[in-house]
Amino acid sequence: MAMMEEVEDGNVEAIIVKDMSRMGRDYLKVGQVMEILRQRGVRLIAINDNVDTEKGDNDMTPFLNIMYEFYARDTSRKIKSVFKAKGMTGKHLTGTVIYGYLWDEKRENWLVDEEAAAVVQRIFAMTLEGYGPYQIATRLAADKIEIPAVHLARHGEGVNKNKVFNDIYRWSTSTVVEILKKQEYLGHTINFKTRKHFKDKKSHYVDVNRPRKNGQ
C-alpha cells in the first residue's frame with residue numbers, strides 16, 4: 001500500500017520483484033495494480049517470471065498470477081492441517097498463556113502459577129458469594145493485587161512486557177468478566193478461536209456457536 005501511494009504520487013519509475021507472487025497472491029488485485037502501473041508509466045520487472053513491461057505485454061502473466069494464488073491457497077491449506085492435527089491432540093496453539101498459568105521451560109505445557117491462581121480462585125469464590133464484577137474489581141484494587149497484564153509482564157509473558165502502567169492495581173470490570181468467561185480454568189484446552197485467510201492474513205474470531213471447519 002505504501003508502494004502504491006508512492007506510485008500515485010509519481011515518485012516511482014520502476015518496480016523490480018523476484019517473481020509475480022511478490023506483487024500479491026490475489027490475481028484480481030494484482031491485475032488491478034498492473035493496470036495502475038501501466039497508466040502511470042511505471043516499469044514492472046519480475047525477474048524469475050521473465051516479465052518486463054517495457055518490452056511489451058507477457059501473455060503468460062495473468063496465468064502466472066492465478067498459479068501463484070493457487071499455490072498460496074494450497075500452502076495455506078496444508079499449514080492449517082498441521083495446526084489442526086496439533087490442536088486436536090490437546091496442545092496449546094497460542095504462544096501466550098492466560099492469567100493463572102505460566103509456560104514450562106520448553107514452552108510446551110502450561111503450569112499453574114500459584115500466585116495468580118489464588119486470585120482467580122478468589123474471583124470465582126466471590127462471584128458465588130453474590131459479588132458482581134465491579135465489586136470484585138474494587139476489592140482487588142483495594143487489596144493491592146496486581147492486574148493480570150502487570151503480573152504476566154513481571155514473568156516475561158503477555159503482550160505488555162514493555163508497557164508502563166500508571167496504576168498496576170487498577171482492576172477493571174471487563175478484566176474480571178473475561179476471567180470468569182474463560183473455559184481454560186475448567187481444565188479445557190481451547191484452540192481454533194480465530195481463523196486467517198491466506199489473502200489478507202488477518203485474524204477473525206470464530207463464532208463459538210458455529211462449527212469450526214478445517215481447523216480454523
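## Helix packing and aromatic pairs

Helix 4 passes helix 5 in a right-handed crossing, where a crossing counts as left-handed if the near helix is turned anticlockwise from the far one by less than a right angle, and as right-handed if clockwise. The axes of helix 4 (residues 114–128) and helix 5 (residues 133–142) come within 10 Å and cross at roughly 140°; such axes are lines fitted to C-alpha atoms, for helices over the stretch in contact, with angles running from 0 to 180 degrees between N-to-C directions. Helix 4 is therefore oblique to helix 5, given that angles under 35 degrees count as roughly parallel, over 145 as roughly antiparallel, 65 to 115 as roughly perpendicular and the rest as oblique. On the helix 4 side the contact (heavy atoms within 4.5 Å) is made by V119, R122, I123, M126 and T127, and on the helix 5 side by I136, R139 and L140.

The model is predicted, so that local features need pLDDT of at least 70 and side-chain atom pairs count only at pLDDT 80 or more, while totals for chains, interfaces and linings use all residues. Residues are numbered from 1 along each chain as its sequence is written, and side-chain values use heavy atoms, with hydrogens and water left out.

The protein has seven helices and seven strands, taken as DSSP runs numbered from the N terminus (helices H or I, at least four residues; strands E, at least two). From the N terminus on, their order is α-β-α-β-β-α-β-β-α-α-α-α-β-β.

The structure holds five aromatic pairs, in which rings of Phe, Tyr and Trp (its six-membered ring) pair if their centres lie within 6.5 Å, and planes under 30 degrees apart count as stacked, over 60 as edge-to-face and the rest as tilted. Two of these pairs involve Y101:

| Pair | Centre to centre | Between the planes | Class |
|---|---|---|---|
| Y101 and W110 | 5.3 Å | 40° | tilted |
| Y101 and Y185 | 6.4 Å | 15° | stacked |

Y101 and W110 are both buried, as are both Y101 and Y185, where buried means under 20% relative accessible area, exposed over 50% and partly exposed in between (1.4 Å probe, protein chains only). Ring pairs link Y101, W103, W110, F124 and Y185 into a cluster.
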